[in-house]
Amino acid sequence: MSAQAGVTRNRELALLILALLIGAGAMCLVAVARSTKQVSIAAPFIIAVAVAYVIAHIIERRFASRSDPLILPLAAFLNFLGLAVIYRLSPHHFGRSQVTWTIVGIALFIATIVLVKDYKVLARYKYLFGFAGVGLLLLPLTPLGEQVNGARLWVRFPVFFQPGEAAKICLVLFFAGYLAERKELLAIASRRFLGFHIPDLKHFGPLLVMWGLSLAVMFYENDLGSSLLFFSIFIAMLFIATARVVYVAFGGLLFAIGAYIGYQAFGHVQERVTIWLHVFNPHLVNGNSYQLAQSLFAFATGGLFGTGLGQGRPDLIPAATTDFLFSGIGEELGLLGTVAVLLCFMLLVARGFRTAILCRDSFGQLLAAGLMTIFGIQTFVIVAGVTRLLPLTGVTLPFMSYGGSSLLANYVLIGLLVRISHQTAAEPLPAHTAEILIGGRR
């Protein structure tokens, strides 16, 4: 092992230990808030999660020794803190189940690092990933699908899971491979329209297909959040690949048209907007807008420093373990706690985009950027929803909200990111770049 790899290993281990200590401390605090006997009950779960992370660190340093040392500790901090809040709300059901999903997710993280020895090979199977992604996205429309809380997102075969979470990874792999091959063609401005140079109209086909697919998700599955997320991912990756503002402008126009159609056609979209605009309306506050109102009350109760872990009443929010977990953090950890959590999310996104910038091949750049775009947009959408910055869309808070499907997908996501960062650091610089650097040192 090189000296640089050794320094990276030690840095990651120190940060991981700090993250585990904070997470274990949070678990102990919420357990003590219930009763001192709960500490002994929670101890095996704390130890199991901590051991799983240590094993993940050891294997990551073995198979990806040059990877970014901040990715795993940041994910561990967010996951462990979310686990503590979920355990505080439901120690016997959701808490234990989330511990199980966490360990399975860490196992998937390890499997991704070990099995994907060269991320560039994935580009060969881009169309397979594309078909798989669309199939998973539309799977809830089959007889296997089930409707929960008005949205048809779930499938029971043989377990209850949300295929859209896996579809995100597959579609980003497809977009990265497709755009890496065609970014030059998509970037060429061969026509002029209203004084602007635009690419050939035939290249807008994929954009229209994604627009139609996102509308289909919103129409048939009643899922505004996933529809917004998938379309935003494609627009962002298209802009990253081509640097053509015209795609963003055209995509924004399509989004506005789709949003208008969705608002006019679907009652649940109108209801979400009405709740957003009139959350404290006396006719709504004890009914449809109750959850969002309680979320805002929770943030107000938390103040600057919070009520303390285990001392608040986030259980008054019906969906506190899923959509509104960030509200529980706001109540019990206050403004300082929520800012700390958001900074961790922002730092993880920044490290992901740093990996994309340093990567020297188009597929790796687009894949890393696409994965972080998913992560960043999803985090922004749910945080904006529970704070009433945007209408609530119902997506999960990555690594923190209860749910196995989301947790497993996010561990695969950071596994791919770790593999890209390791290969980028391990590969030798191009000859001309190395000559420049050597000449500079001289």
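This is a predicted model: local features need pLDDT of at least 70, side-chain atom pairs count only at pLDDT 80 or more; totals for chains, interfaces and linings use all residues.
## Overall composition

The protein contains 15 helices and five strands. Of its 442 residues, 51% count as buried. Among contacts with a separation of 6 or more, 72% are between residues 24 or more positions apart.

## Nonpolar core

The largest nonpolar core has 114 residues. Within this core, the members that touch the most others are Tyr-53, Leu-78, Phe-109, Leu-179, Phe-399 and Met-400. Helix H3, which spans residues 71-89, gives the most to the core, with 15 residues.

Leaving out residues up to four places away in sequence, Tyr-53 touches Leu-16, Leu-20, Leu-72, Ala-75, Ala-76, Asn-79, Thr-102, Ile-106 and Tyr-411.

## Gly-82 in helix H3

Gly-82 lies in helix H3. Its relative accessible area is 0%, so Gly-82 is buried, the cut-off being under 20%. With residues up to four places away in sequence not counted, Gly-82 touches Leu-325 and Met-400. Met-400 is also one of the core residues that touch the most other members.

Gly-82 and Ser-401 are 319 residues apart in sequence. Their C-alpha atoms are 6.5 Å apart in space.

## Helices H11 and H12

Helix H11 covers residues 290-302 and helix H12 covers residues 325-358. Their axes come within 7 Å and cross at roughly 35°. The crossing of H11 past H12 is right-handed.

On the H11 side, the contact is made by Ser-295, Ala-298, Phe-299, Thr-301 and Gly-302. These meet Phe-326, Ser-327, Gly-330, Glu-331, Gly-334 and Thr-338 in H12. By class, the residues of this contact are three nonpolar, seven polar and one charged.

Ser-289 lies in the loop between helix H10 (267-277) and H11. Ser-289 is buried because its relative accessible area, 0%, is under 20%. Apart from neighbours within four places in sequence, Ser-289 is in contact with Ile-275, Val-279 and Leu-284. The C-alpha atoms of Ser-289 and Thr-274 are separated by 8.9 Å, and the two residues are 15 apart along the chain.

Arg-388 and Phe-399 are both in the loop between helices H13 and H14. Helix H13 runs over 362-386 and helix H14 over 404-426. Phi of Arg-388 is near 70°, a positive value in a residue other than glycine. Phe-399 is not a glycine either, and its phi is also positive, at about 70°.

## Cysteines

How many disulfides does the model have? The count comes to zero, with a pair of cysteine sulfur atoms required to be within 2.5 Å. A disulfide is a covalent bond between the sulfur atoms of two cysteines.

Cys-28 has a relative accessibility of 30%, so this residue counts as partly exposed. Cys-344 has a relative accessibility of 14%, so this residue counts as buried.

Definitions and conventions
Residues are numbered from 1 along each chain as its sequence is written. Side-chain values use heavy atoms; hydrogens and water are left out. Axes are lines fitted to C-alpha atoms, for helices over the stretch in contact, and angles run from 0 to 180 degrees between N-to-C directions. Helices (H or I, at least four residues) and strands (E, at least two) are DSSP runs, numbered from the N terminus. A crossing is left-handed if the near helix is turned anticlockwise from the far one by less than a right angle, and right-handed if clockwise. Contact means heavy atoms within 4.5 Å. Ala, Val, Leu, Ile, Met, Phe, Trp, Tyr, Cys and Pro count as nonpolar, Asp, Glu, Lys and Arg as charged, and the others, Gly among them, as polar. Buried means under 20% relative accessible area, exposed over 50%, partly exposed in between (1.4 Å probe, protein chains only). A nonpolar core is a set of buried Ala, Val, Leu, Ile, Met, Phe, Trp, Tyr and Cys residues joined through side-chain atoms within 4.5 Å.
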